[in-house]
Amino acid sequence: MTSTEQPIHLLLVDDLEENLLALEALLKSEGVVCLKARSGDEALELLLVHDVALALLDVQMPGMDGFQLAEFMRGNVNVRHIPIIFVTAGSADLQRRFRGYEAGAVDFIQKPIEADILRSKAKVFIDLYRQRMESLAQRDELKAYANALREADRRKNDFIAMLGHELRNPIMAIHAGLQLLQRQSDEERKAVIHARMEVQAHHLSRLIEDLLDVARIDQGKISLKRERISLQSVIDSAIDTSRPKIEAASHELTVSVPPEPVWLQGDFTRLSQVISNLLANAAKYTPCKGRIHLSVDSEEDQIRINVADNGIGVSPELKGRIFELFAQSKGPDDRSRDGLGIGLALVKQLVELHEGTIDLVSEGPGRGSCFTVRLPLSA
């Protein structure tokens with residue numbers, strides 16, 4: 001329920017119960033709640049708890065009368081904005097009216113009360129209250145939108161800086177390799193330099209392809225080549241792709257898959273990309289000689305693919321936006337790892353294109369992570 005859908009409270013103050021019930025019967029309607037008080041003290045207690053759109057105060061009450069209650073309300077910063085209508089059985093002479101307006105009243109109503117007049121006057125203040133609440137809600141929405149724009153701008157600047165860094169490294173390596181090749185006569189040495197340049201070119205190509213994939217999905221321009229495929233073959237392909245990163249960090253990779261074929265209806269290349277990205281992510285955020293475990297099990301008409309590690313884990317602050325673009329964890333040395341922070345966002349989008357879901361479980365920093373992909377089984 002939004003702030004504009006919350007019930008609107010009217011405060012009715014009269015020392016006689018029958019008068020309160022009569023006022024309530026006249027004013028109560030859908031979305032309007034009447035708060036009844038038989039003394040000034042009871043009214044003040046209600047004002048501490050509820051935001052009130054209008055207060056109808058009986059002038060003559062034992063103890064704190066209506067004028068004194070109004071003066072107290074005007075002296076309190078939290079309730080001084082509440083409009084007050086005095087209800088009086090006596091004659092509202094000029095002096096009494098002056099005192100009432102001086103205490104902050106907006107109107108006087110004589111008893112016996114004319115129902116239509118009371119309802120129409122109350123409706124004015126109820127409508128004003130609704131408008132004020134809507135304005136406050138719009139202000140909060142605009143504030144949240146402005147904060148989101150500032151955050152998006154900050155993340156865009158961070159991304160541009162990361163992109164420049166990530167693209168510069170392989171380009172510089174390729175450029176240096178070309179210069180070395182020009183001066184190198186040893187064929188064996190040339191082969192080594194050429195192999196390193198190929199690695200950097202592949203890394204550069206992968207970065208650009210990931211960026212293009214995200215853009216294609218956002219624009220609805222990516223299409224899946226669906227076919228009946230074996231999950232085991234997808235996993236084998238993903239492991240081959242991510243094996244260099246896993247071995248470079250001396251990680252131990254264990255795989256548990258069912259011996260019988262598990263059939264899916266999907267895009268072989270894209271599903272392999274999903275799993276290889278998760279394995280590469282585990283390798284990246286797990287300190288050297290860590291453990292990575294890939295397992296598969298079934299869940300009703302779905303298959304569940306788990307990629308778990310004993311790495312740095314995910315903080316509660318990052319967990320809620322881990323699948324957003326450019327979101328990245330920090331390494332053990334408190335520096336961002338390499339990459340653009342688009343891998344997991346791309347994984348989530350590809351999984352959802354396959355009518356699947358992806359979830360993260362992490363008990364916090366230093367406690368490892370487990371990503372679970374659920375995909376529908378092929379009939």
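Buried means under 20% relative accessible area, exposed over 50% and partly exposed in between (1.4 Å probe, protein chains only). This is a predicted model: local features need pLDDT of at least 70 and side-chain atom pairs count only at pLDDT 80 or more, while totals for chains, interfaces and linings use all residues. Numbering runs from 1 along each chain as its sequence is written, and side-chain values use heavy atoms, leaving out hydrogens and water.

**View 1. The largest nonpolar core has 40 residues.** A nonpolar core is a set of buried Ala, Val, Leu, Ile, Met, Phe, Trp, Tyr and Cys residues joined through side-chain atoms within 4.5 Å. L231, I275, L278, L279, V373 and L375 have the most contacts inside this core. At least two core residues come from each of the helices α6 (187–218), α7 (231–248), α8 (268–284) and α10 (343–353). The strands β9 (291–299), β10 (302–309), β11 (357–361) and β12 (369–376) also supply at least two each. Helices (H or I, at least four residues) and strands (E, at least two) are DSSP runs, numbered from the N terminus. The most comes from α8, with 7 residues. A second, separate core of 23 residues has L11, L69, I84 and F86 among its members.

**View 2. L375 and its surroundings.** Neighbours within four places in sequence are left aside here. L375 is in contact (heavy atoms within 4.5 Å) with L264, L271, D301, Q302, I303 and I305, among others. V351, H354 and G356 are also on its contact list. L375 is one of the residues with the most contacts inside the 40-residue core.

**View 3. Helix α7 bends by about 50° at S242.** The bend is the angle between axes fitted to the seven residues ending at a residue and the seven starting there. L231, Q232, V234, I235, A238, I239, S242 and I246 are buried in α7. These buried residues pack against the helix α8 and the strands β6 (227–230), β7 (252–256), β8 (263–266), β9 and β10. S250 follows α7 and has a positive phi, near 60°.

**View 4. K111 pairs with D14 in a salt bridge.** A salt bridge is a side-chain nitrogen of Lys or Arg within 4 Å of a carboxyl oxygen of Asp or Glu. The whole structure holds 18 of them. In this one, the closest N and O atoms are 3.2 Å apart. The partners are 97 residues apart and link distant parts of the chain. K111 sits in the loop between β5 (105–110) and α5 (115–183), D14 in the loop between β1 (8–13) and α1 (17–27). K111 is partly exposed because its relative accessibility is 24%. D14, at 2%, is buried.

View 5. D116 is exposed, at 58% relative accessible area. R119 is partly exposed, at 39%.

**View 6. R374 bridges to D359.** Their closest N and O atoms are 2.9 Å apart. R374 lies in strand β12 and D359 in strand β11, 15 residues apart, so distant parts of the chain are linked. R374 counts as buried at 19% relative accessibility, whereas D359 counts as partly exposed at 36%. Salt bridges with shared partners join D297, E299, R304, D359 and R374 into one network.

**View 7. D65 in the loop between β3 (52–58) and α3 (66–74).** D65 is buried, with a relative accessible area of 17%. Not counting residues up to four places away in sequence, D65 touches V59 and R99.
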